[in-house]
Amino acid sequence: MPQKIIEIPVDDAPHSEEVLYPGAELPRLSECALLLDIDGTLLDLAPTPREVWVPPDLATSMGKLLQRTNGAMALVSGRSINDIDLIFAPMQFPAVGGHGAEMRLSGDNESVASGAPPMDKELKRRLAAIAKLSPGILLEDKGYALALHYRLAPHAEKAIYDAVSAIRADLPNAPIEVLPGKAVCEIKPAGVTKATGVIELMTHEPFSGRRPIFIGDDVTDESVFAIMPGMNGLAFSVGRRAQGVSGHFDEPRDVRAWLARLLIDDAAKSK
Ligand SMILES: O=P(O)(O)OC[C@H]1O[C@H](O[C@H]2O[C@H](CO)[C@@H](O)[C@H](O)[C@H]2O)[C@H](O)[C@@H](O)[C@@H]1O
């Protein structure tokens, strides 16, 4: 019997025999909603948010996955949708952005529904001043949220969180939440999470009625891991096996290789 050859892009060939490749149990792409986190899941982490790089093979896979799911592939990210578009330019994808504060159902849909008002100017001014605590702290302004990055100033972590706590103690009614991420302290609108964004997204065409498959790596992705079973969905974590997931990948390159293989396997299923 001829052996089936699976072509995986060379730069993203899986590096470990240990990596779990879910596949056989997955429904056809035409029945799935693929929901993908960006940083630390699709893309390798970089020293600063601007320095991330989209491997060309990944861009190719994502374009094909969008087609093969008939548009039911969305990025689910802490980044703003504007930022996501810059990173993946010229491609634009459906997205849940800003940890659930923004949503776009289709890449060519200009209207971005935002569930969150801009952050109060005085509050933003006070939070932004925290970046002056040390060289290397980077400020990311998402309009409705702020991120204080300390990957280049790890010694500043405690000082950042202490300063944010002091501001919150001063303004106990400010409608904000603090979200710790990977070398980042995010201050975002209260009440919205990636899970609230995904629940909303899944009520709309072409996502509704499909089986969601979510891949994420961070604390901020745990809210989505938790809702997947109730949506008949599957969750996969990256870097560690998170609680309640169906499997995990060691690194983003393993996710990229799996996505490329998913396309090949799905095409084979239709023969
Ligand atoms: O939900 P995600 O798509 O994973 O986005 C989470 C945050 O990602 C970005 O910050 C992180 O990635 C940077 C680039 O690798 C890295 O320098 C930083 O330390 C990480 O925290 C992004 O800047 C944030 O807005 C996202 O919320």
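Which helix holds Leu259, and which residues does helix H7 span?

Reply: Leu259 belongs to helix H7, which covers residues 252–269. Helices here are DSSP runs of H or I with at least four residues, strands are E runs of at least two, and both are numbered from the N terminus. Before going on: residues are numbered from 1 along each chain as its sequence is written. The model is predicted, so local features need pLDDT of at least 70 and side-chain atom pairs pLDDT 80 or more, while totals for chains, interfaces and linings use all residues.

Leu259 counts as buried because it has 22 C-beta neighbours inside 10 Å. The cut-off for buried is 20 or more other C-beta atoms within 10 Å of a residue's own, with 12 or fewer meaning exposed and anything in between partly exposed; the C-beta atoms are placed from the backbone. By that count, buried residues make up 42% of the chain's 271 residues. Leaving out residues up to four places away in sequence, Leu259 touches Ser61 and Leu65; contact means C-beta atoms, placed from the backbone, within 7 Å. Arg240 is 19 residues from Leu259 along the chain, and their C-alpha atoms are 19 Å apart.

Zooming out, the chain has seven helices and 12 strands. The domain assignment gives domain 1 (10–115 + 192–269) and domain 2 (121–189), with bounds from an automatic or database assignment. Their centres, taken over C-alpha atoms, are 27 Å apart. Nonpolar here means Ala, Val, Leu, Ile, Met, Phe, Trp, Tyr, Cys and Pro, charged means Asp, Glu, Lys and Arg, and the others, Gly among them, are polar.

Now for a sheet. Four strands make an open, antiparallel sheet in the order E6-E7-E9-E8. Strands E6 (138–141) and E8 (176–181) are its edges, each pairing on one side only, and the twist averages 15° from one strand to the next. Two strands pair when DSSP finds at least two bridges between them. E6 and E7 have four bridges, with Leu138 partnered to His149 in E7. These two strands form a hairpin with four residues between them, and Gly143 in the turn has a positive phi of about 85°. E7 and E9 also pair over four bridges, antiparallel; there, Leu146 has Ile187 in E9 as its bridge partner. Helix H4 (residues 157–170) lies across E7, E8 and E9, at about 25° to E9. That angle, on a 0 to 180 degrees scale, is between N-to-C directions of lines fitted to C-alpha atoms, for helices over the stretch in contact.

Last stop, the ligand. It is surrounded by 24 residues, the closest being Ile38, Asp39, Pro49, Ser77 and Gly78; a residue counts as near if its C-beta atom, placed from the backbone, lies within 6 Å. Strands E7 (146–149) and E9 (184–189) each supply at least two residues of that shell. By type, the shell has nine nonpolar, seven polar and eight charged residues. Both domain 1 and domain 2 contribute to the shell, so the ligand lies between them.

Terms used. Two residues are in contact if their C-beta atoms, placed from the backbone, lie within 7 Å.
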